[in-house]
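Grab a pencil and open the viewer. Here are some exercises to work through, each with a solution.

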Amino acid sequence: MICARQVFRCFRAVERFGDRVTGAAGPWFVGMAAILVSAGAFAFFEVILPTMSHPILSFFPCALIAANLGFHYYTVCTVRPGFVDDVHPVSSSPERPPEGGPGLFWAKRKGATDHMEGVRWTRALNVTPASMSRCKKCGVVRPERAHHCRVCNRCVLKYDHHCPVRINQCVGLHNERHFVLFMAYLVLATFFLSVCGFQKALDALGFNFIADWPYLTPEILYVLIYMLSVVMCLAVGIMLLWHMWGVVKGETAVESQDHEVYRKIARSRNDNFVNSYDLGKRRNLEVFFNIGPDGYPWYTLLLPLRVPSYTDGRSWARRDGFDRHGGVVAGEELTDEEESEEP
Ligand SMILES: [Zn+2]
Ligand SMILES: [Zn+2]
């Protein structure tokens with residue numbers, strides 16, 4: 001139908017325009033966010049910390065949270081998400097993924113010299129090489145779980161989504177861990193600021209009839225930061241929960257939509273869809289953060305450190321007994337070409 005096609009085209013045009021606008025404004029958003037996070041940290045240490053019952057003892061956990069927040073924000077913005085046509089900056093060897101880079105900010109782990117192909121874990125995983133397909137938009141040959149990003153106009157390994165507002169790039173295989181940890185530390189930091197800074201917010205607003213405000217942080221800025229921090233704590237907290245739910249289920253944001261479709265198709269055949277990337281809740285979390293008996297120590301989650309992904313994005317751990325999703329017949333897999341095809 002001509003009408004439906006025109007409406008569809010119109011939606012596409014609006015969407016592309018939105019992409020362009022947010023894409024162009026992205027660096028400004030990131031700059032603003034960096035300034036706000038820094039101002040929030042400054043206000044916390046200047047105004048709120050001295051009012052806490054054990055300021056010196058409290059300084060260390062608070063400083064650790066601030067360091068993690070700054071570090072993961074910097075890394076999620078600067079570490080490339082894993083473009084399919086990128087050669088890895090640390091190791092170009094395709095058969096052995098890099099163990100990490102040199103320098104202070106890479107986590108180290110003992111042992112672990114023999115790897116399975118494409119994967120940094122040595123055992124206990126059922127790993128299969130990814131199936132390959134050609135992207136119709138950029139022409140690159142890409143492994144499964146890679147998707148084409150419309151804003152970057154490139155294919156990204158284990159593509160999750162493109163985040164124009166806070167990080168101005170894609171979230172993919174190489175920065176997804178930093179993305180989740182950035183959100184987690186942002187929620188933690190804004191939670192402490194909201195709870196511990198409440199009295200000072202009342203002071204700044206004049207509710208406690210205290211005229212004295214002997215701080216470098218202006219009262220109006222403090223109130224602004226406080227209100228923003230309450231809002232961010234709730235909003236990012238919900239996003240974090242939603243994102244973690246996907247991690248626990250072993251699927252990315254794109255895959256959770258695809259899997260809904262697969263589920264319907266399988267049901268229409270009286271079959272059951274099985275996500276073969278779902279290794280069980282605990283193992284999904286371990287693989288995502290690359291921690292656990294075969295990965296890095298769990299305390300790397302608490303430190304501002306870089307940890308490489310468990311895979312090079314060309315091999316995937318799967319549920320035992322599966323080398324592809326259950327309930328999906330070959331040729332039925334969705335590719336992101338479908339979404340841009342006209343009805
Ligand atoms: Zn592509
Ligand atoms: Zn992108």
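This is a predicted model: local features need pLDDT of at least 70, side-chain atom pairs count only at pLDDT 80 or more; totals for chains, interfaces and linings use all residues.

**Exercise 1. Check the length of helix α6, then find out which of its residues are buried and which are exposed.**

Step 1: Start with the length. Helix α6 runs over residues 253-268, which makes 16 residues, and at 1.5 Å a residue it should span 22 Å. The end C-alpha atoms are 24 Å apart, so the helix agrees with that expectation.

Step 2: Now look for burial, using the cut-off of 20 or more other C-beta atoms within 10 Å. In α6 the buried residues are E255, D258, H259, Y262 and A266.

Step 3: Look down the axis of α6. The buried residues fall within an arc of 105°, so they line one face of the helix. Here's the background: an α-helix has 3.6 residues a turn, so residues three or four places apart point the same way.

Step 4: Turn to the other side of α6, where you'll find Q257, E260, K264, R267 and S268 exposed.

**Exercise 2. Work out how α4 and α5 are oriented to each other, and name the residues that meet.**

Step 1: Find the pair. Helix α4 covers residues 198-205 and helix α5 covers residues 219-249.

Step 2: Take the geometry. Their axes are 9 Å apart and the packing angle is about 135°. The crossing of α4 past α5 is left-handed.

Step 3: List the contacts. From α4 come K200, A201, A204 and L205, and they meet E219, Y222, V223 and Y226 in α5.

Step 4: Compare with burial. The buried residues of α5 include Y222 and Y226, and both of these are also among the α5 residues that meet α4.

Step 5: Check the length of α5 too. With 31 residues, α5 reaches 44 Å from its first C-alpha to its last, close to the 45 Å expected.

**Exercise 3. Describe the surroundings of L186: is this residue buried or exposed, and what does it touch?**

Step 1: L186 sits in helix α3, residues 176-196.

Step 2: Count neighbours. L186 has 26 C-beta neighbours inside 10 Å, so it counts as buried.

Step 3: Look for partners. Leaving out residues up to four places away in sequence, L186 touches L69, M232 and V236. V37 is 149 residues away from L186 in sequence, yet their C-alpha atoms are 8.8 Å apart.

Step 4: Zoom out to the helices. Helix α2 (residues 55-78) packs against α3 at about 145°, with the axes 8 Å apart. L69 of α2 and L186 of α3 are among the residues that make this contact.

Conventions: Residues are numbered from 1 along each chain as its sequence is written. Chains are lettered from A and ligands numbered from 1 in the order in which they are written. Helices (H or I, at least four residues) and strands (E, at least two) are DSSP runs, numbered from the N terminus. The expected span of a helix is 1.5 Å times one less than its number of residues. A residue is buried if 20 or more other C-beta atoms lie within 10 Å of its own, exposed if 12 or fewer, and partly exposed in between; C-beta atoms are placed from the backbone. The arc is that of the directions from the helix axis to the C-beta atoms. Axes are lines fitted to C-alpha atoms, for helices over the stretch in contact, and angles run from 0 to 180 degrees between N-to-C directions. Angles under 35 degrees count as roughly parallel, over 145 as roughly antiparallel, 65 to 115 as roughly perpendicular and the rest as oblique. A crossing is left-handed if the near helix is turned anticlockwise from the far one by less than a right angle, and right-handed if clockwise. Two residues are in contact if their C-beta atoms, placed from the backbone, lie within 7 Å.
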